[in-house]
Amino acid sequence: MYENLVYLDNAAATRLDERVLEAMKPYFFDVYAVATSQFGYSIGLDAREALDNARARIAAALGANSDEFIFTSGDTESSNLAIKGVALALGEKKGRHIITSPIEDFPVLHTVRALERQGFQATYVRVDETGRVDLDHLRESITPETILVTIQTANQEIGTLQDIRAVGEICREKGVLFHTDATHAFPRVPLDVREIPVDLVTVSAHTIHGPRGIGGLYIRKGTPIRKILDGGFQEFDLRPGVENIPSAVGFATAVELVTPDETARLQKMRDRLLERLLNEIPHTRLNGHPVYRLPHNANVSFRFVEGESLLLHLDMRGFAVSTGSACFSRSLEASHVILGIGGDHERAHGSVRFTFGRYNREEDVDRVVEAIAEVVRELRRISPLGKE
Amino acid sequence: MPLPYSEIVMEHFRNPRNVGRIEDADAKAIEGSPACGDMVAVYLKVDPQTHVITDIKFESYGCASNIATGSIITELAKGKTLEEAKQITWDEASKALGGLPPVKVHCSVLAVDGLRAAIQNYEERHGLVKEREPTTVEFVRKRLKHVMNPVVGLDIVRTKLVKEIEVQDGVVRVVLDLSPDHMFAPAMREDIEEKLGHRWDVRQVIVEFTG
């Protein structure tokens, strides 16, 4: 139905890779049992082996040990568990102060806000106009009460990469736990927990052509954390519920299918898109950092036009993109990321995010540039702005 | 799933009627601002004898429902007298468009307000209005009927969200019966500030949520 669609919203969801589906199939139809204890029946032992194996493969991609990685239902749950789990473990013992940034994705931002309503204090560390965290402000913000710093690896909208090594080193030096949401970076941007001093890492399969509804959390050995869902003793007694073994296997397969060569190919398409948009269409600007950004993300604001109109016109021409416009968002609010980096509503409303994935082709780039040039010209013709 | 917009909305969005400026317009108005995201400009040519709108054009910086409503109100208003055109409501515009999704109604109200503001601009220029109307509780209530509750697409007065209105020394205080954590709370606050903040006798607009 959508074979001619040029899909450029791979940060939101990705097409499943057939190889992932093939790897998952046996765990729906053949080895469909739950992962039993070591004294269980054979089919359950095989299921356990598959789960352990999937866990080991993803842990390896993070440079972690197998017993430091647990599966969840996705990045939302992972970040909830990381932040609330640490708050539960340390809130009484150490303090009730958390540090984050104003441009985090909702799983982190709204979890911190929920804790604020329960009496925790939060500091939103300053970011510059490209979205990079002010490391001096971070350092100054840490108090003896601080229990956790949660700063994303890469931004979901503008693609800005944080210097998580520096963030981690500051946290280490001050004796504070560090969580990072790496949903949009992992594994295209390498993150090795043996080299980066980080205690908790959120990852998800939905951004890398894996199945929906599965994610994970890296938890460094010895990290104080409590479970936030009550139930059975699965996932090292941190995440109860019947294990989603087909999806765990799919996630591991998806991680391994991401290669540096592929990421370089996506980056090349992204670079060409940006170069043409910024050079050929007047009154455009890049949102985010020109260098420290996700290789497959572009985010551009087109002045004098509104994003939802742009998106609809592109949809009619067979292109799927995303926008930071208030009209497009479920809450009718403009992108908190663009506003958070000092942009105004106009810049947010005219912002368009393009995120590349495995199924984009080089020739699509020129087609999308031409479609955008045409739509922007048309919308500017009917706009009261930008005529003088 | 089909698009949330009717065929008529999409048709007007794709091919908006009466787009552009009238350079020697008899009246014009701009509603909204780039800062609040949506903006509509309306230009009028009016017969000085009959007060019939002989030509009307609009420009839109806004989403699909904003553009479509701008387009439809120019069609509805053309050929009508100023008095008749003043009576055009967003309800009427929305019906003419085959309906709008509730969450998008506030974007269409802006276009209707743009038409009214342009008519008012003509009346002011041609000495057809008396004094400037002061901002009273009643006036505020009237304006709040143009602020939509995006959950249902009806205004916040009709949906009984307005709990209290106070006007004192240029400070307008509106209390809404809604949780401050409601997903639309910030959007409604912005809308109310936008509708009242520019009034000649208003210094400050305070929107409070109790829920």
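## Exercises on a predicted two-chain model

A:Asp75, A:Thr76, A:Ser79, A:Asn80, A:Ile83, A:Lys84 and A:Ala87 of helix 4 of chain A meet A:Pro107, A:Val108, A:Thr111, A:Val112 and A:Leu115 of helix 5 of chain A. The model is predicted. Start from this contact.

**Exercise 1.** Describe how helix 4 and helix 5 of chain A pack.

*Solution.* 
- Step 1. Recall what is needed: two packed helices are described by the angle between their axes and the distance between the axes.
- Step 2. The axes of helix 4 (residues 75-90) and helix 5 (residues 106-117) of chain A come within 9 Å and cross at roughly 35°.
- Step 3. Sort the contact residues of helix 4 and helix 5 of chain A by class: 6 are nonpolar, 4 polar and 2 charged.

**Exercise 2.** Decide whether helix 10 and helix 14 of chain A are roughly parallel or roughly antiparallel to each other.

*Solution.* 
- Step 1. Find the angle. Helix 10 (residues 260-280) and helix 14 (residues 362-382) of chain A pack at about 25°, with axes 9 Å apart.
- Step 2. Apply the cut-off: angles under 35 degrees count as roughly parallel.
- Step 3. Conclude. Helix 10 and helix 14 of chain A are therefore roughly parallel to each other.
- Step 4. Look at the residues. Helix 10 of chain A contributes, among others, A:Met269 and A:Leu273, while helix 14 of chain A contributes residues including A:Val365 and A:Ile372.
- Step 5. Sort the contact: 8 nonpolar, no polar and 4 charged residues.

**Exercise 3.** Which residues have the most contacts inside the largest nonpolar core?

*Solution.* 
- Step 1. Size the core. The largest nonpolar core has 166 residues.
- Step 2. Name the residues. B:Val42 and B:Leu44 have the most contacts inside this core.
- Step 3. Find the main contributor. Helix 5 (residues 105-125) of chain B gives the most, with 10 residues.
- Step 4. List the contacts of B:Val42. Leaving aside neighbours within four places in sequence, they include B:Ile56, B:Phe58 and B:Leu115.

**Exercise 4.** Is B:Pro180 buried, partly exposed or exposed?

*Solution.* 
- Step 1. B:Pro180 is in the loop between strand 7 (171-176) and helix 7 (185-196) of chain B.
- Step 2. Count. B:Pro180 has 13 C-beta neighbours inside 10 Å.
- Step 3. Apply the cut-offs: 20 or more means buried, and 12 or fewer means exposed.
- Step 4. Conclude. B:Pro180 therefore counts as partly exposed.
- Step 5. Check its partners. Not counting residues up to four places away in sequence, B:Pro180 touches B:Ala185 and B:Phe209.

Conventions
Residues are numbered from 1 along each chain as its sequence is written. Chains are lettered from A and ligands numbered from 1 in the order in which they are written. This is a predicted model: local features need pLDDT of at least 70, side-chain atom pairs count only at pLDDT 80 or more; totals for chains, interfaces and linings use all residues. Axes are lines fitted to C-alpha atoms, for helices over the stretch in contact, and angles run from 0 to 180 degrees between N-to-C directions. Helices (H or I, at least four residues) and strands (E, at least two) are DSSP runs, numbered from the N terminus. Angles under 35 degrees count as roughly parallel, over 145 as roughly antiparallel, 65 to 115 as roughly perpendicular and the rest as oblique. Two residues are in contact if their C-beta atoms, placed from the backbone, lie within 7 Å. Ala, Val, Leu, Ile, Met, Phe, Trp, Tyr, Cys and Pro count as nonpolar, Asp, Glu, Lys and Arg as charged, and the others, Gly among them, as polar. A nonpolar core is a set of buried Ala, Val, Leu, Ile, Met, Phe, Trp, Tyr and Cys residues joined through C-beta atoms within 7 Å.
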